[in-house]
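Hello,

Here is the structure you will be taking over. Please open it first, then read the notes below.

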Amino acid sequence: MTQLSSSALIMFWLTLIAIMGLVVLMLYFLIADFLRRKTWGRRILNSVFFEVSLPKEASEEEKEPQKEEKNIIAIAEQFFSTIATTEGGMHHFFDINDYISFEIAAANKKISFYINVPKKFANLVEKQLHAQYPKAQIDVVKPYNIFKP
(Lines give C-alpha, C1' and ligand atoms only; values in the text may rest on other atoms or scores of the structure.)
Protein backbone atom coordinates (compact mmCIF):
# COMPACT_ATOMS: atom_id res chain seq x y z
CA MET A 1 0.00 0.00 0.00
CA THR A 2 2.84 2.42 0.74
CA GLN A 3 4.40 1.67 -2.66
CA LEU A 4 1.13 2.65 -4.39
CA SER A 5 0.69 5.85 -2.40
CA SER A 6 4.32 6.80 -2.97
CA SER A 7 4.03 6.47 -6.77
CA ALA A 8 0.71 8.35 -6.71
CA LEU A 9 2.37 11.11 -4.71
CA ILE A 10 5.21 11.34 -7.23
CA MET A 11 2.72 11.52 -10.13
CA PHE A 12 0.81 14.25 -8.28
CA TRP A 13 3.93 16.39 -7.79
CA LEU A 14 5.12 15.87 -11.38
CA THR A 15 1.70 16.87 -12.70
CA LEU A 16 1.64 19.91 -10.40
CA ILE A 17 5.13 21.00 -11.54
CA ALA A 18 4.15 20.58 -15.21
CA ILE A 19 0.99 22.65 -14.74
CA MET A 20 2.91 25.36 -12.87
CA GLY A 21 5.52 25.43 -15.63
CA LEU A 22 2.82 25.92 -18.26
CA VAL A 23 1.22 28.71 -16.22
CA VAL A 24 4.58 30.49 -15.87
CA LEU A 25 5.23 30.12 -19.61
CA MET A 26 1.78 31.48 -20.43
CA LEU A 27 2.32 34.46 -18.09
CA TYR A 28 5.68 35.19 -19.75
CA PHE A 29 4.08 35.33 -23.20
CA LEU A 30 1.19 37.47 -21.97
CA ILE A 31 3.59 39.97 -20.37
CA ALA A 32 5.80 40.00 -23.48
CA ASP A 33 2.75 40.68 -25.67
CA PHE A 34 1.65 43.49 -23.34
CA LEU A 35 5.11 45.09 -23.47
CA ARG A 36 5.22 44.78 -27.26
CA ARG A 37 1.88 46.55 -27.61
CA LYS A 38 2.85 49.20 -25.05
CA THR A 39 6.06 50.15 -26.89
CA TRP A 40 4.64 49.94 -30.42
CA GLY A 41 4.26 53.69 -30.98
CA ARG A 42 7.63 54.58 -29.47
CA ARG A 43 9.39 52.03 -31.70
CA ILE A 44 7.71 53.44 -34.81
CA LEU A 45 8.67 57.00 -33.90
CA ASN A 46 12.29 55.99 -33.20
CA SER A 47 12.87 54.49 -36.63
CA VAL A 48 14.34 55.74 -39.89
CA PHE A 49 12.93 54.94 -43.31
CA PHE A 50 15.51 54.65 -46.12
CA GLU A 51 14.76 54.53 -49.81
CA VAL A 52 17.50 52.69 -51.69
CA SER A 53 18.04 53.30 -55.40
CA LEU A 54 20.58 51.59 -57.58
CA PRO A 55 21.60 53.06 -60.93
CA LYS A 56 20.46 51.12 -63.95
CA GLU A 57 23.06 48.75 -65.32
CA ALA A 58 24.59 49.78 -68.61
CA SER A 59 23.46 47.56 -71.45
CA GLU A 60 26.93 47.51 -72.97
CA GLU A 61 28.90 44.49 -71.92
CA GLU A 62 32.21 46.21 -72.62
CA LYS A 63 31.97 48.63 -69.69
CA GLU A 64 32.07 46.01 -66.97
CA PRO A 65 32.32 42.25 -67.31
CA GLN A 66 29.17 40.35 -66.40
CA LYS A 67 29.22 39.32 -62.75
CA GLU A 68 28.48 35.75 -61.91
CA GLU A 69 25.30 34.97 -60.04
CA LYS A 70 27.30 33.60 -57.10
CA ASN A 71 29.16 36.89 -56.71
CA ILE A 72 25.93 38.89 -56.73
CA ILE A 73 24.42 36.64 -54.07
CA ALA A 74 27.62 36.77 -52.01
CA ILE A 75 27.41 40.57 -51.82
CA ALA A 76 23.87 40.45 -50.42
CA GLU A 77 24.78 37.58 -48.10
CA GLN A 78 27.66 39.62 -46.66
CA PHE A 79 25.33 42.57 -46.05
CA PHE A 80 22.65 40.50 -44.32
CA SER A 81 25.13 38.54 -42.19
CA THR A 82 26.73 41.76 -40.97
CA ILE A 83 23.37 43.23 -40.05
CA ALA A 84 22.27 40.01 -38.30
CA THR A 85 25.36 39.83 -36.09
CA THR A 86 25.34 43.37 -34.72
CA GLU A 87 26.78 43.76 -31.25
CA GLY A 88 24.18 46.37 -30.33
CA GLY A 89 22.03 43.71 -28.77
CA MET A 90 19.20 43.29 -31.24
CA HIS A 91 17.89 40.19 -29.44
CA HIS A 92 16.70 40.47 -25.87
CA PHE A 93 15.19 37.69 -23.83
CA PHE A 94 13.13 39.80 -21.43
CA ASP A 95 12.80 42.87 -23.64
CA ILE A 96 11.25 43.81 -26.95
CA ASN A 97 13.37 42.98 -30.00
CA ASP A 98 14.43 45.62 -32.49
CA TYR A 99 13.53 44.87 -36.07
CA ILE A 100 14.94 45.84 -39.43
CA SER A 101 12.44 45.64 -42.26
CA PHE A 102 13.39 45.28 -45.94
CA GLU A 103 10.53 46.16 -48.25
CA ILE A 104 9.83 46.38 -51.95
CA ALA A 105 6.90 48.67 -52.78
CA ALA A 106 5.27 50.23 -55.80
CA ALA A 107 4.58 53.88 -55.01
CA ASN A 108 3.99 56.74 -57.45
CA LYS A 109 4.23 54.35 -60.42
CA LYS A 110 7.75 53.23 -59.56
CA ILE A 111 9.12 50.23 -57.73
CA SER A 112 11.25 51.21 -54.76
CA PHE A 113 13.34 49.42 -52.15
CA TYR A 114 12.83 50.56 -48.57
CA ILE A 115 14.59 49.75 -45.31
CA ASN A 116 12.93 50.56 -41.99
CA VAL A 117 15.51 50.51 -39.19
CA PRO A 118 15.72 51.76 -35.57
CA LYS A 119 17.61 55.06 -35.29
CA LYS A 120 20.39 53.46 -33.26
CA PHE A 121 21.19 51.11 -36.18
CA ALA A 122 20.62 53.61 -39.03
CA ASN A 123 24.29 54.59 -39.34
CA LEU A 124 25.41 50.96 -39.39
CA VAL A 125 22.90 49.95 -42.07
CA GLU A 126 23.75 52.95 -44.23
CA LYS A 127 27.51 52.29 -44.02
CA GLN A 128 27.07 48.58 -44.75
CA LEU A 129 24.90 49.34 -47.78
CA HIS A 130 27.50 51.74 -49.14
CA ALA A 131 30.27 49.21 -48.42
CA GLN A 132 28.55 46.45 -50.38
CA TYR A 133 26.82 48.63 -53.01
CA PRO A 134 29.01 51.72 -53.57
CA LYS A 135 26.77 53.06 -56.35
CA ALA A 136 23.60 52.90 -54.23
CA GLN A 137 21.79 56.12 -53.47
CA ILE A 138 20.27 56.10 -49.98
CA ASP A 139 17.74 58.75 -49.01
CA VAL A 140 15.85 59.23 -45.76
CA VAL A 141 12.17 59.50 -46.68
CA LYS A 142 8.78 59.64 -45.04
CA PRO A 143 7.17 56.21 -44.78
CA TYR A 144 4.92 55.46 -47.70
CA ASN A 145 1.26 54.65 -47.17
CA ILE A 146 -0.03 51.69 -49.16
CA PHE A 147 -3.64 52.69 -48.49
CA LYS A 148 -3.31 56.20 -49.91
CA PRO A 149 -3.13 56.51 -53.71
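Start with the aromatics: Phe 79, Phe 80 and Phe 102 make up one aromatic cluster. This is a predicted model, where local features need pLDDT of at least 70, side-chain atom pairs count only at pLDDT 80 or more, and totals for chains, interfaces and linings use all residues. Residues are numbered from 1 along each chain as its sequence is written, and side-chain values use heavy atoms, without hydrogens and water.

The whole structure holds 6 aromatic pairs. Rings of Phe, Tyr and Trp (its six-membered ring) pair if their centres lie within 6.5 Å; planes under 30 degrees apart are stacked, over 60 edge-to-face, the rest tilted. The ring centres of Phe 80 and Phe 102 are 5.0 Å apart with planes at 80°, so this pair is edge-to-face. Phe 80 sits in helix H3 and Phe 102 in strand S2 (residues 101-107), 22 residues apart. Helices (H or I, at least four residues) and strands (E, at least two) are DSSP runs, numbered from the N terminus.

Phe 80 is partly exposed, at 43% relative accessible area. Phe 102 is partly exposed too, at 37%. Buried means under 20%, exposed over 50%, partly exposed in between (1.4 Å probe, protein chains only).

Regards
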